[in-house]
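Thanks for asking me to look this one over. Here are my notes, in the order I would read the model myself.

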Amino acid sequence: MRILLLCFTLLFSSKLFASNVPPKLFTLQAIVVDSISKQPLEAASISIAELHKNTIANANGIGSFDSLPKGFYTIQCAFLGYHPTQKK
């Protein structure tokens, strides 16, 4: 079986620099690709275990989570025919 590769990008929300802002929220993007061909895996399931949030990768293998509080998370990814993977 092939292995999923998972890459993460942490983006700041647009309200980070406004005054009187509540706690900072972040966007996390996960990119899911085949470990051999490096092709994106559309419709891969991506989840954040601690928050019980789920998303599905788009045609470019990208899944996004918005409005996340600062913290440490376990990102899990699954796709039919591949070994599931997780990253902390």
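1. A residue is called buried under 20% relative accessible area, exposed over 50%, and partly exposed in between, using a 1.4 Å probe and protein chains only. By that reading, 31% of the 88 residues of the chain are buried.

2. Please keep in mind that this is a predicted model: local features need pLDDT of at least 70, side-chain atom pairs count only at pLDDT 80 or more, and totals for chains, interfaces and linings use all residues. Residues are numbered from 1 along each chain as its sequence is written, and side-chain values use heavy atoms, with hydrogens and water left out.

3. The chain has eight strands and zero helices (DSSP runs numbered from the N terminus: strands are E, at least two residues; helices are H or I, at least four). Along the sequence this gives β-β-β-β-β-β-β-β.

4. Four strands make an open sheet with antiparallel pairing, in the order 4-3-6-8; two strands pair if DSSP finds at least two bridges between them. Strand 4 (53-56) and strand 8 (85-87) are the edges, each with a single partner strand, so one side of each has no neighbour in the sheet. From one strand to the next, the twist averages 20° (axes are lines fitted to C-alpha atoms, with angles from 0 to 180 degrees between N-to-C directions).

5. Four bridges join strand 3 (residues 45-48) to strand 4 in the antiparallel sense. Ser-45 sits opposite Ile-56 of strand 4.

6. Of the contacts in the chain with a separation of 6 or more, 53% come from residues 24 or more positions apart (contact: heavy atoms within 4.5 Å).
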